[in-house]
Amino acid sequence: MAKYQINVAHLYGDLMNTYGDYGNIVALGYYAQQLDVALNTTLVSLENDFEENKYDFVLFGGGQDYEEQVVSADLPNKAPAIKRYIEAGGPLLGVCGGFQLLGQYFLLADGSRVEGIHAMDHYTLNQPDDRFIGNIEIKDPTNGDIYHGFENHQGRTFLDDKERPLGQVLKGHGNNGEDGGEGLVYKNVYGTYFHGPIFTRNGNLTLRVLETILKRRYPEVAWADQIAKIEPEYF
Amino acid sequence: MTVRSKVATMVGRSTYFVLHNVLHRAGSALPGKLATKLDPDVMSQLAQDYDVILVTGTNGKTLTTALTARVLSEKYETVITNPSGSNMMQGITGTMLTARIPKNSHQRPLALLEVDEANVEAVAKQLKPIAFVLTNIFRDQLDRYGEIYTTYEKILKGIRLFPEATLIINADSPIFMRGNLPNPKVYYGFNHEPAQGDMHAPHNTDGILSPSDNSVLHYHFITYGNQGDYFSVTDEFKRPQLTYAVTKLNKLTPTFSNFDIDGQTLQIEIGGLYNIYNALAAYAVGRFMGVTVDQIRHAFESNAQVFGRQEAVQVGDKDVTIVLIKNPVGANQVIDMMKTDEQPFSLLALLNANYADGIDTSWIWDTDFESLHDSQLQAVATGGERYKDLYVRLKMAGYPDQAVYPDLKKIVSAIEAMPTKHVYIAATYTAMLQLRSQLQEAGFIKATGMEA
Ligand SMILES: [Zn+2]
């Protein structure tokens, strides 16, 4: 039994599960284990409530159009609790559809509007006959780190002024192919179009998020020193 | 047949003759292309001589078609079928063009054709099938826009044109219960466990919504992926009564599977649960067409060579099994097959990310390498152009010590360096081609083989 425990909610993990998003939890668990921290992962889906005080980290991945509409219809039941979690500084990673659904709305390729939870004010337009597909590299303006990933999205997302992008695009398209931003950071929420998945390929980022998670849950432990000793995977 | 079709048929046949007998080239696309250009209706004219059965779905249709053709040949004199890969309009026209019906045949000949999911409507319109065989629909990473529901919609468009055609359906796949089709139906699936459990599919599974109300399906048992004996807890929806069922799994190994269908023991000379589904589909089509169980058993036993996908190669003193991996459902099935191996083995996993492999490598994170800890696996090595992705994937799955082979030119020494006699090589498509060319160069396999 590990000395420390953190609770992870995989939000709609059975419906929003495209392109390896689950790997983010695998990577988090891999580093956590080296700190004697165990991850307890719970699926929070259509049949479940989201209890915001239970979780230390939330993964909200991307899905197929069909499932995203089913999730959008269910989200009003969970939206108030998710918003309270976010405003309280809860760490969350939203990928692709999960990133989009945290905002106001997104448009599917055929133009139909899928409602988000309005936790943040970004919105997502469509590009009827195109997709942004390919390898992507971005630079995190806060620390100069370069992140690697693979983007594959139809939607073009535009941030609100309270949000900042996760990075500036060096190679690829990013949120919308226009403003040079990729992803978002708001409080401890990260949004991204990166598959890859982002936590598996960018160990520095993963360790920073892990540190945030652990400091909230176990503030008495000197996590920074221990985390500095871990070798991050990066490719 | 119209004069125009006769001319088109003649041109197609002579093109085929030149390609095949003079230039010694395989392939059926060009003759079909020429004939279709001369007469767009040539295929429907040709099809009038046959009872046509179409096989479609994302996975397993090639093997199902090959095996079903053998089963039907036990009873029917003439069964024409398209070669693997020729499953679009032109390839199918080519197949119809080049087939000959024996002059004094007293049976109506059969055409059993594999059809690409996106081509079902166009092909069905021309061929007027008496039956459709539906294998399954999984998301393929190669098909970037392909969502399972849109793929199924494409298939439905073809089926809706023929409400009298019989549907021979994998009932374990819940997506096929969508669409409210009036057609007569034959359902096949698994009943090897009592319908007592109550479980959900693992998080990483696609297609688990109930067709009736989009609630998350529960299962009495799951065979693999989203397939099994599903039911809804919010309404009356459940898997339909099976017409033909696997009733017992007697012995599963990497090289053969022994099982019962409706209490009758059968065997196929290949491992993997997914291949039992293919065999079950062939059984269902066979029974629907009046083939006896004994004839089906004979077809299964005498046709080991249809199972070409999995290749055994001797490299020095190593017994090497080569398998293709390309998406999580398929890779998980390969892993499940390896877990049935009772002898110690090693795994050499090769990943490329060229177009034919799928340029996005994320799918390896949906593959359950962790479950190999419950197997005889002794050592892991990774290679290929994207070896680093796999290296980290397997490291995070709990295999810290891996040799890595970025350059497949060293693959023979990589095989020799593995600590066990039995070595599995799981490779993506272009990595497989590179591997094969190295094995050829070293003289371990002959120059022919896999078609591009
Ligand atoms: Zn449930």
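A salt bridge here is a side-chain nitrogen of Lys or Arg within 4 Å of a carboxyl oxygen of Asp or Glu. This is a predicted model, in which local features need pLDDT of at least 70, side-chain atom pairs count only at pLDDT 80 or more, and totals for chains, interfaces and linings use all residues. Residues are numbered from 1 along each chain as its sequence is written, chains are lettered from A in the order in which they are written, and side-chain values use heavy atoms, with hydrogens and water left out.

**View 1. The salt bridge between the chains.** Start with A:Glu233 and B:Lys395, whose side chains pair at 2.6 Å, N to O. The rule finds one salt bridge across the interface of chain B and chain A.

**View 2. The chain B side.** Helix 11 of chain B gives the largest share, six residues. Sorted by class, this side of chain B holds 11 nonpolar, 11 polar and 13 charged residues (nonpolar: Ala, Val, Leu, Ile, Met, Phe, Trp, Tyr, Cys and Pro; charged: Asp, Glu, Lys and Arg; polar: the others, Gly among them).

**View 3. The whole contact.** Here you can find 35 residues from chain B and 36 residues from chain A in contact (heavy atoms within 4.5 Å). Together the two chains bury about 3,100 Å², 56% of it on carbon and sulfur atoms (accessible area, 1.4 Å probe, lost on being put together and summed over both).

Technical notes: Helix = DSSP H or I, 4+ residues; strand = E, 2+ residues; numbered from the N terminus.
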